[in-house]
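Colleague: I'm new to reading structures, and I'd like to learn where the labels come from. Could we go through a few together?

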Amino acid sequence: MFLINGVVQDQLSATDRGLQFGDGCFTTARVVNGQICWLPMDIQRLQQGAERLLLPTIDWSLLQQEMTELAHQSAQGVVKVILTRGSGGRGYSGVGCEHPTRILSLSDYPAHYSLWCEQGITLALSPIPLAQNPLLAGIKHLNRLE
């Protein structure tokens, strides 16, 4: 289930800068018994990302309300929140992007996580070195792929 700017839908404008440029940030929140476990920390993470990316003003109380309402629909799940600069014109300039896009989704809690907790996991080293970008360091931005 997706909630985009408060509306249940699964379509996003092709002009959204999150799609065009990866211009946004996200968080993934754990839901237990219909409640988000660390909601203040998830909101804080989004606020820090939005501030660093200079996203337009976001209604944080509305976003928190939407996250809480989605969480109430699941006993065990995951609420993912993506914030983008919103839709704008062609090119890199964010001029005219005054309305950020809020994308929320509710998913089941991955069943294999419990198995991982019991049996452990195997790690491997990636041959792909991470790029260094001080502006984006430490935030969950939408340009996660190298």
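Predicted model: local features only at pLDDT ≥ 70, side-chain atom pairs only at ≥ 80, totals over all residues.

Colleague: Where does Leu39 sit, and which residues does Leu39 touch?

Modeller: Leu39 is part of helix H2, which covers residues 39-52. Leaving aside residues up to four places away in sequence, Leu39 touches Gln64, Met67 and Thr68. As for Ala29, 10 residues separate it from Leu39 in sequence, and their C-alpha atoms are 7.3 Å apart in space.

Colleague: What makes Glu66 buried or exposed?

Modeller: The relative accessible area of Glu66 is 6%. The cut-off for buried is under 20%, so Glu66 counts as buried. Glu66 lies in helix H3, residues 60-71. Not counting residues up to four places away in sequence, Glu66 touches Leu3, Asn5, Gly6, Arg102 and Leu104.

Colleague: And how do you know which label Trp116 gets?

Modeller: Trp116 has 43% relative accessibility. Buried is under 20% and exposed is over 50%, with partly exposed in between. Trp116 is therefore partly exposed. You can find Trp116 in helix H4, residues 112-119.

Colleague: Which residues make the nonpolar surface patch of about 540 Å²?

Modeller: That patch is made by Tyr113, Leu115, Trp116, Ile121 and Leu123. Residues in a patch need over 30% relative accessible area, and Trp116 has 43%.

Definitions and conventions. Residues numbered from 1 in each chain as written. Heavy atoms only, no water. Helix = DSSP H or I, 4+ residues; strand = E, 2+ residues; numbered from the N terminus. Contact = heavy atoms within 4.5 Å. Patch = residues over 30% accessible without salt bridge, like charges linked within 9 Å, V, L, I, M, F, W, Y side chains within 5 Å. Areas by Shrake-Rupley, 256 points an atom, 1.4 Å probe, with all protein chains shown as cover. Salt bridge = Lys/Arg side-chain N within 4 Å of Asp/Glu carboxyl O. Buried < 20%, exposed > 50% of the residue type's maximum accessible area, 1.4 Å probe, protein only.
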